[in-house]
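Good morning, and thank you for making time for this presentation. I ask you to keep the sequence and the structure in view while I speak.

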Amino acid sequence: MKTLYLDIVGGIAGDMTVAALLELGVPLSLLQSGLAQLGLEGLTVSTEISSRHHISGTRFIVQWPGMAAAGPSRNHGTQGTQGQHHHVQDQSGQTHHHHAQGQSGREHHHEHRAYREIRDMISGSALPAGARELALRIFGKLAQAEGAVHGLPPEEVTFHEVGAWDSIADVVCTALAVHHIDPQAVYCSPVPVGAGTVKTAHGTMPVPAPATLLLLEGFPIVQGGPAYERTTPTGAAILAALAQPAPEPFAYVPRQVGVGLGSYDGPEVPNLLRAVLGESSGGAGREVIECAQANLDDANPEWIGYLMERLLEAGALDVVLAPVQMKKNRPGTQIQVLYPPALRDAVLELIFSEVTTLGVRYHTLERVVLPREQARVVTAWGPVSGKVTRVGDKLRFAPEFESCRALAKRAGVPLQDIYRAAQQAHGNQGEDDAST
């Protein structure tokens, strides 16, 4: 099973995450073309090689024309209390601004970008469906947390424009990179958050920031020195939307390591994030998933079919529809959705928005999964992709339906003939490998 492990050595921020994923082989051009689809004119991204404590890694750099005048700030602030305007040093040692228009109606000269604008921009983009859903999930969690801190609904959260440009680039590029890597599971180490306080124009703010602490509910955190913000709200939102805490002990085989650097270079700890791409260490592995269920007796069947498509596009592991007999002797449909715990909010939101149920049950499950890897075989009609699983001392090849279907339509032969030919080709390949 392909696994992505985020080893949070110095801390985690959006730019550090993108940089680490780039080192796993994600093309920078893929991120550049994805950002271009959002219509953010003048926004550019680049990388540079540097080191922290003699460990080499990559920095991810976001630039746009207004940065020269506004300063290189990274912001995660929202509209808050009346007249609030303060500056906070973030994980990378840069300054970001939190400020708001109060009830007095006085406005700052900075422009703002509302969360709903960012959401609509990403929703209407031509990004791949999986990347689009992940980016929306990250920004949604960030807006929920910031709104809760400032006593506002997420719809009213507004990001300072400089920070919004940085955040959009970090979040969208993270989503594109994860979609490109396509891990089957994402885990993280305990999260170091830093310690102490930071001075602001209107008082003192604790570390971790209030929004960061809300986003890390359910994650083991490590609080303590060095005394600076080691995990930013954007970094915490990425974890909340994408990852789950690694079990202990956590056994896997590392295959590739990416190192993402923060711009702050302190003496206490190397300010870097390691993204490790690996696989199950052999044999069956255990993982925690969730199951959401709802009984539907008044939903249009076409709506249910569409909901199934949306759930799978959002990253659900499986969606099952079963006929049930409900109260008042009405026939209905039970929908069961299996998904990683990080997808809970997205799954519940899709169910409530696409069908008529008033309640959804969910519970936690443990499942045992066999290690698998991608494979390709060649048949008389062309190549077929699939997955290879080891069961005991035997290998089992499962052809991918879409690959077989495309070949069957192109060749004009029955689908089952393609399946049989692919499995036979894999068996012959195994015999050839054994004889060499």
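Let me begin with a definition: two strands are said to pair if DSSP finds at least two bridges between them. Please also bear in mind that what you see is a predicted model.

With that term in hand, consider strand 17, residues 318-326, and strand 18, residues 330-339. The two strands run antiparallel and are joined by nine bridges.

Lys328 has its positive phi although the residue is something other than glycine. Asn329 also is not a glycine and has a positive phi of about 60°; its place is likewise in the loop between strand 17 and strand 18. Are these residues buried or exposed? Lys328 has a relative accessibility of 70% and therefore counts as exposed, the cut-off being over 50%. Asn329, at 64%, counts as exposed too.

I turn now to the peptide bonds. The bond from Val207 to Pro208 is cis, with omega near 5°. Pro208 sits in the loop between strand 11 (203-206) and helix 7 (210-215). A cis bond also leads from Gly225 to Pro226, with omega near 0°. Pro226 belongs to the loop between strand 12 and helix 8.

How many aromatic pairs does the structure hold? There are five. One of them is formed by Tyr228 and Tyr264: the ring centres are 4.7 Å apart and the planes stand at 65°, so the pair is edge-to-face. Tyr228 is in the loop between strand 12 (221-223) and helix 8, while Tyr264 is in the loop between strand 14 (252-261) and strand 15 (272-280), so the pair ties together parts that are 36 residues apart in sequence. Tyr228 counts as buried, at 7% relative accessibility, whereas Tyr264 is partly exposed, at 27%. In another pair, that of Phe250 and Tyr252, the centres are 4.9 Å apart and the planes are at 35°, so the pair is tilted. Phe250 is partly exposed, with a relative accessibility of 24%. Phe250 and Tyr252 also belong to an aromatic cluster, together with Tyr5 and Tyr187.

Ala243 is found in the loop between helix 8 (233-242) and strand 13 (244-245). Leaving aside neighbours within four places in sequence, Ala243 is in contact with Val186, Tyr187, Cys188, Phe219, Ile238 and Ala342. Ala243 has a relative accessible area of 5% and is therefore buried, since the cut-off is under 20%. The C-alpha atoms of Ala243 and Leu4 are separated by 9.0 Å, although these residues are 239 residues apart along the chain.

Next comes Asp7, in strand 1, residues 2-7. Asp7 is buried, with a relative accessible area of 15%. The side chains of Asp7 and Arg274 are joined by a polar contact of 2.6 Å. Not counting residues up to four places away in sequence, Asp7 touches Ser189, Leu273 and Arg274.

Let us now look at two helices. An α-helix has 3.6 residues a turn, so residues three or four places apart point the same way. In helix 4, residues 115-123, the buried residues are Tyr115, Ile118, Met121 and Ile122. Seen down the axis of helix 4, these residues fall within an arc of 130°, so they line one face of the helix. In helix 2, residues 28-36, the buried residues are Leu31, Gly34 and Leu35. Their arc, seen down the axis of helix 2, is 95°, so they too line one face.

I close with the chain as a whole. The secondary structure comes to twelve helices and 22 strands. Of the 436 residues in the chain, 50% are buried. Among contacts with a separation of 6 or more, 68% are between residues 24 or more positions apart.

Terms used: Residues numbered from 1 in each chain as written. Predicted model: local features only at pLDDT ≥ 70, side-chain atom pairs only at ≥ 80, totals over all residues. Heavy atoms only, no water. Helix = DSSP H or I, 4+ residues; strand = E, 2+ residues; numbered from the N terminus. Buried < 20%, exposed > 50% of the residue type's maximum accessible area, 1.4 Å probe, protein only. Contact = heavy atoms within 4.5 Å. Polar contact = N/O pair within 3.5 Å; in protein donor to acceptor, adjacent residues only side chain to side chain. Phe/Tyr/Trp six-rings, centres within 6.5 Å; stacked < 30°, edge-to-face > 60°. Arc of directions from axis to C-beta.
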